[in-house]
Amino acid sequence: MVTRRVVSPVFVGRIEELNQLGAALDSAVGHGPAVALVAGEAGIGKSRLLAEFTRSLGPEVRVVTGVCAELGRDALPYAPFVTVLRTLLQVEGVTPGPYRRLARWFPELGESGDDTEGGKHRLYEEVLTLIERVSAHGPLVVTIEDLHWADAATCELLGFLARNLTRPGVLLTVTYRPPEAGPLLSELVRRPRTTRLRLDRLGEQDVGRQLAAILGTEPGPTAVRRVHDRSDGNPLFVEALARADERTPDDARHLLLAGPRSLPGPAHELLRTAAAAGGRVGHGLLAEVAGQDGAELDMLLRELVDRSLLVTVDDGYAFRHALIRDAVYEDLLPGERARLHGRYAEALRAGDAPAELAAHALAAGDRSLALSAARRGADQARGSYAYAEQVRLLGMVVDLWDPDAELGVDRIDVLTEAAEACMLSGDYARGIDHADAGLAAVDEKREPERASLLLEHRGRLRHRLNATGVSDWEHALKLLPPGSSRRGRLLGVLAMGLLPDVDRARESFEEALAIGRATGDATITIRGLLGVGSMTRDLGMLTEARALAERLDSNDLLMTVPMYEATLHTRAGRHHRAIEVADEGMHLARRYGLGRSRGAELARYAGHGLILTGRWDEANTLLEETLRAGPPPQSERGLRTLAGYLSLLRGDLPAAAEAAAAVEHSTAGSLFSRHQLLCLLALAQGDAERADLLLERALTDPALHQIYSSDARPVLVAGALVQRARLSPRADAGQRRRVADRQAQLAAADAALGVDGNLDRAWQTMLRALIEDDGWDHAVTTWRQLRQPYELALCLLHRGRTALAAGDRPGATAHLREAAGLAEDLRAAPLIRQITQLLRPRPAQDGLTEREGEVLRLIAEGLSNRQIAARLHISPSTAGVHVSHILTKLDAATRTEAAAIAFREGLA
């Protein structure tokens, strides 16, 4: 039998893309690991491009490929990497021992390591090591196809490799269908040495070349145009239409079924059987389900391969294209599908692929078998650290629940596991739903331990979602006896959640540390050390916590340590060290795939330090990149507060206002700094009275007396700046009294706070100088020692102002010029304007006419040009000319700024 050609033997229309892949490999070899992303719609030729690229490479280049299967159809998370690693292990020729974690997938490697010796990230490190060891012998191309179908674990491992490969010579190639643009692809696109390819549809000329290669003869222009129009330039559809006549339907499904339906009966039936398997099927499994083997089966498979319907993959087969498989599967009648899935389930029943068994059993209508298989699959997924797959399978268990099933667990156990798995996978909202269902089913009086565990999980899920988990933890504590390990763990979690409410957290941290020491539980001990060490400013405790965390399989805890270290360094005024610690933590978070969660929170600490040290451009870049990655809500609000404050300092009021609007109504104590942003923004907008109302809101916020004083005092300083703006030279007695009362309130709030380190002491010095308008030399010295340029420039400004008021213009000039240099380096536009106005001659000496003085006073009253004209009996256009002259002479950008100068200089 002669098989007619279906696939073009000539590679058409992709020479430029082929060259770009070659350049990406050259870059990987010459400069370091690289990534190539190949995007395109179904049937556009992504796999063909990679196949041609592979054929173009010399024998010294090794290429390994893994394919992602449709979710729910594959037996194992990390499926494409299992295929890749199997090949690499054959190359490496390893013996049992070096890869203990990989032994979970390849038993021939020996005993796998237990969960206490490194967990998921040791597994990832072993994958990384294997790839780099193989690449030491020559260039290596690792291809992952169809990333749009990848499970979360596969995406996480791929991201880990992209971030951490260091040896030159490795090219990671990835294919996917747009518009897939999740966090992983967004991250890969931003990496250096990433090549992006998007395959477009073929033009009419290329369609003609493809048809000629398939048919073996040159088609006429009319035939080319017809096929191009009907295929829309998609190469897969061009193949289907190559030998079709005018009567072939345009519907894509029927078009793709034309080839399969033309098969002889036995071959067609075997193809339908393969379609029910999913993405890939092993030879042995297909033979068992088809009920035949030997030469007859081989002959049928040969026909399907020769017709380019199936391709060989390792020890089995896959459809040449998913669209063909989908069309064949959808052509099955419901009864036919159920029977085929039932046969697959029966064949898989004794095997070790429970997730695949569950999918087939469910499709066959066997709920009991699907339930038990899903339960085993969830355990297997957890053992491979594939938490998103575990969540999916536990969800199936919950949906199929049968109280009479013998699973060794009850429904509450399953819901508890599902809530915890959701926390590990980041699916917080779904986890809360599972915890709610578990708590509704458990009797906390009869089973307090189970109820407390569910409450702990729900509290952690709520805390990460919106910082509202404390009430769950407090409830759970009431259910547990004193001194137990469970209570100690919960106390540590509660104490961390209570922060920044220091007084409430202190007792919980201390009890947790005592229980951790008594029981030897490292997790409890770490949490206790972090809390107590932070409160007592004992860096040694944090060092001990870090050492313990590094020995645990808990990267979440390991990422928590640098947050406490950065906080302690910041409070001590060691800002550069705080930045270093936070930066190291961010790097580690990205390495372990926690960049969007723990990494985002660490970016807050680094961003704060960068702002304090005057590295504003770096801070802006860091904050923008972190926000663009889509951090969790609580982290996002903290980052937006910092970004808004930085925008405000640089004079970008619209950006500052946008950030302020996003955080204004947050109730979390950890965002107390939003009050500073809100007050200073209103002041910058020229509304000192509104700023004072916002200050009153801050002073009545309970968090003021609960958080660290070093976090509270910057808000009090902002309030003192507001009072200086309210106290213009022309303020009446009532206004002066109100300002004095508010200053007394600020002084009382200051007195009620302790002093928490060098940074806090500097804020206190500045606050008292603002209230008393004295002590500026001390404030300048303090900020100079801490090397905080903005606060130093601000205090130099006020020191210069007081010198001017005392008639010491030379002394004032020296202070103001130093302040101007600092402000210009920072590009702090509003501060530069204030300094410039003090350096230039007073407005009364600067040529304001008597009429302009009158107009300035009316501007200060808030009158418009038309109202000024009516008051002075002049035309509106004349009033406008006077206003323009006044703004020029005062070097004021707006009427509001001119009014502020008038108040400050006693001209209004």
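**Notebook: rings, a cavity and a few side chains**

I started with a search of the whole structure for aromatic pairs, and it turned up four. For this, rings of Phe, Tyr and Trp (its six-membered ring) pair if their centres lie within 6.5 Å; planes under 30 degrees apart are stacked, over 60 edge-to-face, and the rest tilted.

Before going on, a note on what I'm looking at. This is a predicted model, where local features need pLDDT of at least 70 and side-chain atom pairs count only at pLDDT 80 or more, while totals for chains, interfaces and linings use all residues. Residues are numbered from 1 along each chain as its sequence is written, and side-chain values use heavy atoms, with hydrogens and water left out.

**Ring pairs**

I looked at W616 and Y790: the ring centres are 5.7 Å apart and the planes stand at 45 degrees, so this pair is tilted. Helices here are DSSP runs (H or I, at least four residues), strands are runs of E (at least two), and both are numbered from the N terminus. Are W616 and Y790 buried or exposed? Both are buried, which means under 20% relative accessible area; exposed is over 50%, and partly exposed is in between (1.4 Å probe, protein chains only).

Next I took W763 and W783. Their ring centres lie 4.9 Å apart with planes at 75 degrees, so I noted the pair as edge-to-face. W763 is in helix α37 (residues 758–772) and W783 in helix α38 (residues 776–786), so parts that are 20 residues apart in sequence get tied together. W763 and W783 are buried too.

I also found Y78, Y124 and F160 joined into a cluster by ring pairs.

**Charges over rings**

I checked for Lys NZ or Arg CZ within 6 Å of a ring centre and within 35 degrees of the ring normal. R571 has its charged end over the ring of Y708, 4.1 Å from the centre. R325 lies over the face of Y329, at 4.5 Å from the ring centre.

**The second largest cavity**

Rolling a probe the size of a water molecule over the atoms shows where empty space is left. I counted two cavities of 30 Å³ or more. A cavity is a set of points, on a 1 Å grid over the protein atoms alone, where a 1.4 Å probe fits but cannot get out; lining residues have an atom within 4 Å of a point. Grid points are joined across faces, edges and corners, and the volume is the space filled by probe spheres set on the points.

The second largest cavity has a volume of about 40 Å³. Its lining includes A274, R280, L310 and F319. Which elements give two or more residues to this lining? They are β6 (280–282) and β8 (316–319). The largest share, three residues, comes from β8.

**Two single residues**

T416 is in helix α19 (residues 411–425). At 11% relative accessibility, T416 counts as buried. Its side chain reaches the backbone oxygen of I412 at 2.8 Å.

R343 sits in helix α15 (residues 334–348) and, at 37% relative accessibility, counts as partly exposed. I found 9.7 Å between the C-alpha atoms of R343 and G291, which are 52 residues apart along the chain.

**The whole protein**

Last, I noted 45 helices and eight strands. Of the 908 residues, 54% are buried.

Key: 1 Å grid on protein atoms, 1.4 Å probe; cavity = no way out; pocket = protein on both sides within 12 Å on 5 of 7 lines; lining within 4 Å. Polar contact = N/O pair within 3.5 Å; in protein donor to acceptor, adjacent residues only side chain to side chain.
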